[in-house]
Amino acid sequence: MSAFTPMQSFNPWDEGDYRVYGSAALTPDGNYWPAYQIDRVHGIPNPPQQAVPLYQVEEQSFATEDLAKMMAVSLGVGRVRAQDRLGC
């Protein structure tokens, strides 16, 4: 994964004790990759705590920033539901 500067986050999505933030990163060809961050906001002392740092998904790019952000939220929610390598 290359370093990138995420664009403004899409509306965050709450899923149980977690909040998923969707973002997008510009690809070299002008499309957008989805990127997400997951924070745990309930059920722990001193919330929020980062459960998954900003993660860029380079498997499929999207023609618009908004589509990439929506996909990012969807991918992040799926990761929360699967309890896939969440840091807290």
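**View 1. A salt bridge joins the side chains of Asp 17 and Arg 40, with 3.1 Å from N to O.** Asp 17 lies in the loop between β1 and β2 (18–26) and Arg 40 in strand β3 (residues 32–40), so the contact ties together parts that are 23 residues apart in sequence. A salt bridge is counted when a side-chain nitrogen of Lys or Arg is within 4 Å of a carboxyl oxygen of Asp or Glu. The model is predicted: local features need pLDDT of at least 70, side-chain atom pairs count only at pLDDT 80 or more, and totals for chains, interfaces and linings use all residues. Residues are numbered from 1 along each chain as its sequence is written, and side-chain values use heavy atoms, with hydrogens and water left out. Asp 17 is partly exposed at 30% relative accessible area, whereas Arg 40 is buried at 17%. Buried stands for under 20% relative accessible area, exposed for over 50%, and partly exposed for values in between (1.4 Å probe, protein chains only).

View 2. From the N terminus, the order of the elements is β-β-β-β-α. Helices (H or I, at least four residues) and strands (E, at least two) are DSSP runs, numbered from the N terminus. The protein chain has 88 residues, of which 38% count as buried. Its accessible surface is about 5100 Å², and carbon and sulfur atoms make up 50% of this area. Accessible areas come from the Shrake-Rupley method with a 1.4 Å probe; for residues, only the protein chains shown count as cover. Among contacts (heavy atoms within 4.5 Å) with a separation of 6 or more, 53% are between residues 24 or more positions apart.

**View 3. Glu 15 and Arg 81 form a salt bridge, their closest N and O atoms lying 2.9 Å apart.** Because Glu 15 belongs to strand β1 (residues 13–15) and Arg 81 to helix α1 (residues 65–81), the pair ties together parts 66 residues apart in sequence. Glu 15 counts as buried, at 17% relative accessibility. Arg 81 counts as exposed, at 58%. The structure holds five salt bridges.

View 4. An α-helix has 3.6 residues a turn, so residues three or four places apart point the same way. Lys 69 is buried, with a relative accessible area of 7%, and Glu 65 is partly exposed at 23%. The side chains of Lys 69 and Glu 65 also count as a polar contact at 2.8 Å. That term covers a pair of N or O atoms within 3.5 Å; within protein, one must be able to donate a hydrogen and the other to accept it, and residues adjacent in sequence count only if both atoms are side-chain atoms.

**View 5. Helix α1 packs its buried residues against β1, β2, β3 and β4 (49–56).** The 17 residues of α1 reach 24 Å from first C-alpha to last, close to the 24 Å expected at 1.5 Å a residue. The expected span is 1.5 Å times one less than the number of residues. Buried positions in α1 include Ala 68, Ala 72, Val 73, Gly 76, Val 77 and Val 80; Lys 69 and Arg 79 are also among them. Just after α1, Gln 83 has a positive phi of about 55°.

**View 6. The largest nonpolar core has 14 residues.** Such a core is a set of buried Ala, Val, Leu, Ile, Met, Phe, Trp, Tyr and Cys residues joined through side-chain atoms within 4.5 Å. Tyr 18, Val 20, Tyr 36, Ile 38, Ala 51 and Leu 86 touch the most other members. At least two residues of this core come from each of β2, β3, β4 and α1, and α1 supplies the largest share, four residues. Neighbours within four places in sequence aside, Ala 51 is in contact with Tyr 18, Ile 38, Asp 39, Arg 40, Arg 85, Leu 86, Gly 87 and Cys 88.

**View 7. Ser 61 sits in the loop between β4 and α1.** Ser 61 is partly exposed, at 30% relative accessible area. Ser 61 touches Thr 27, Asn 31, Tyr 32 and Trp 33, residues up to four places away in sequence not being counted. Ser 61 and Tyr 32 are 29 residues apart in sequence, with 5.2 Å between their C-alpha atoms.
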